[in-house]
Structure formats: C-alpha cells, structure tokens
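Here is a short report on one protein model. Look at the sequence and the structure first, then read on.

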Amino acid sequence: MTHAVDLPFWAALPVALLLLLGAGLALTGSLGLLRLGSFYERVHAPTLGTTLGIGCVLIASMLAFSVLQTRPVLHEVLIGVFVTITTPVALMLLARAALYRDRHEGSGEMPQPGGCRGGRDGSPETPAVHGQDGSRR
Amino acid sequence: MTAALLTWSILLAQCLLGLAMACATFRLLRGPRAQDRVLGLDTLYVNAMLLLLTFGIRTGSTLYFEAALVIALLGFVATAALAKFLMRGEVIE
C-alpha cells in the first residue's frame with residue numbers, strides 16, 4: 001500500500017493547506033456551538049463544518065488518493081453529496097422539534113416575530129410563532 | 001521537506017479536529033436542554049468523520065473512507081430519529 005509521504009511536492013502543498021483549512025473550519029463551527037447563547041443561534045454554527053469543512057477535507061483526500069494511485073479517485077464525492085443533502089434535513093427537523101417543545105412549555109427563549117433575533121431571517125417558522133399567546137396551555 | 005510538511009500538517013489537522021470534538025462533547029454533556037445535546041451529538045459525528053478521513057490520508061488506505069461513509073449514514077439516521085423523539089415522544093408510531 002502506498003503511503004502519504006510518497007506524494008510529490010506540488011500535490012503535498014494543496015493537500016496540507018486544504019486539510020488545515022477544513023480542520024480549522026470544523027473547529028470554528030464547534031467553538032460557535034460552545035460560545036453562542038441560545039439554541040436557535042447554536043443550530044447555525046455546525047453547518048460551517050458540514051459544508052466548507054467537509055468540502056475542503058474531501059477535496060484534499062481526492063487529490064491525495066488520485067496522485068497516489070495515478071488514476072482519478074472520485075468516491076469521496078459520495079460522502080460530499082450525502083452530507084450536503086442530509087444536514088439541512090436533520091437540522092430543520094431538530095429546530096422544528098425544539099420550537100415545538102419551547103412553544104408547548106411557553107418558554108421565552110424562542111425567537112420572537114418582531115425582535116431582532118427571529119425577524120430578520122424570514123424563516124418559514126416565524127409567522128407560526130404569532131399564535132403562541134393564544135395556544136399556550 | 002515534503003514529508004515533514006505533510007506529517008506536521010496532518011498532525012495539526014488532527015489536533016484541531018480533536019479540539020472540535022472536545023467542544024462538541026462539552027455541549028453534549030453540559031447542554032441545558034435535550035435539543036442542545038442532540039446538536040452536540042450531530043457535530044460530534046461530523047467531526048469524527050473528518051478525523052477518519054484525515055487518518056485515511058495519513059495511512060493511504062481506503063478502508064477509512066468506508067468507515068466515514070457509515071458514520072455519515074448513521075449520524076443522519078440518529079439525528080432524525082432523536083428529533084422525531086423530541087417532537088412526538090416516540091420514534092415509530
């Protein structure tokens with residue numbers, strides 16, 4: 001089996017840079033998960049790692065294996081397509097469940113329609129928050 | 001020169017991804033509510049997948065790619081099932 005140290009310099013430099021960029025973006029997303037205040041701000045943070053972070057690491061992996069095996073190795077595209085499709089679906093399900101729980105308990109943490117937190121992004125859940133005062137049980 | 005560049009950058013990338021996994025684990029253990037824990041678990045899955053891909057580049061073996069693909073599949077299924085559990089109180093109705 002070939003080894004990563006056998007890469008020539010013109011391929012090793014972009015592989016190293018893309019790996020560092022991807023890992024740094026994933027770390028930035030996780031730091032945002034640690035530092036941001038409410039759940040509805042935190043749900044945005046990990047998407048930095050799941051889009052650009054995974055993209056950079058997958059391009060680095062494709063480049064390294066293509067040069068090592070002297071043929072185009074493209075099966076990393078499978079992970080990229082799958083993660084790009086599934087991350088918004090999973091996070092939207094999670095945000096909808098969190099909104100349902102907060103509305104059910106009458107918690108004040110959820111984004112308000114007229115406030116600066118929830119009103120600016122125009123998310124489809126925002127108009128539904130209007131009915132929270134009438135439907136509080 | 002090339003070997004040193006690759007070795008040190010891969011090592012640094014692994015350290016950064018380990019730090020990212022530590023942040024996600026902190027949110028998983030300390031999250032104030034259940035949805036924060038699920039979000040931390042999702043981030044932990046993604047970071048573990050990136051770490052496996054980095055191991056694959058380091059060793060030159062395509063075995064790690066398949067493990068990363070399995071982690072991506074299971075991470076989506078786990079997050080979707082947990083979100084549905086938080087929504088309804090049961091996974092399969």
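Is Thr70(A) buried or exposed?

## About the model

This is a predicted model: local features need pLDDT of at least 70, side-chain atom pairs count only at pLDDT 80 or more, and totals for chains, interfaces and linings use all residues. Residues are numbered from 1 along each chain as its sequence is written, chains are lettered from A and ligands numbered from 1 in the order in which they are written, and side-chain values use heavy atoms, without hydrogens and water.

## The loop

Thr70(A) is exposed, with a relative accessible area of 71% (exposed means over 50%, buried under 20%, partly exposed in between, with a 1.4 Å probe and protein chains only). Thr70(A) sits in the loop between H3 and H4 of chain A. Its phi is positive, about 50 degrees, although Thr70(A) is not a glycine.

Helices here are DSSP runs of H or I with at least four residues, numbered from the N terminus.

## Two helices side by side

H3 (residues 47-69) and H4 (residues 76-105) of chain A have axes that come within 9 Å and cross at roughly 175 degrees. Axes are lines fitted to C-alpha atoms over the stretch in contact, and angles run from 0 to 180 degrees between N-to-C directions. H3(A) and H4(A) are therefore roughly antiparallel (an angle over 145 degrees).

Contact means heavy atoms within 4.5 Å. Among the residues making it are Ile54(A) and Leu58(A) of H3(A), and Val83(A) and Leu91(A) of H4(A).

## Along H4

H4(A) has a kink of about 25 degrees at Thr86(A), shortly before the proline Pro88(A). The bend is the angle between axes fitted to the seven residues ending at a residue and the seven starting there. Just after H4(A), Gly106(A) takes a positive phi of about 65 degrees.

How values were computed. Angles under 35 degrees count as roughly parallel, over 145 as roughly antiparallel, 65 to 115 as roughly perpendicular and the rest as oblique.
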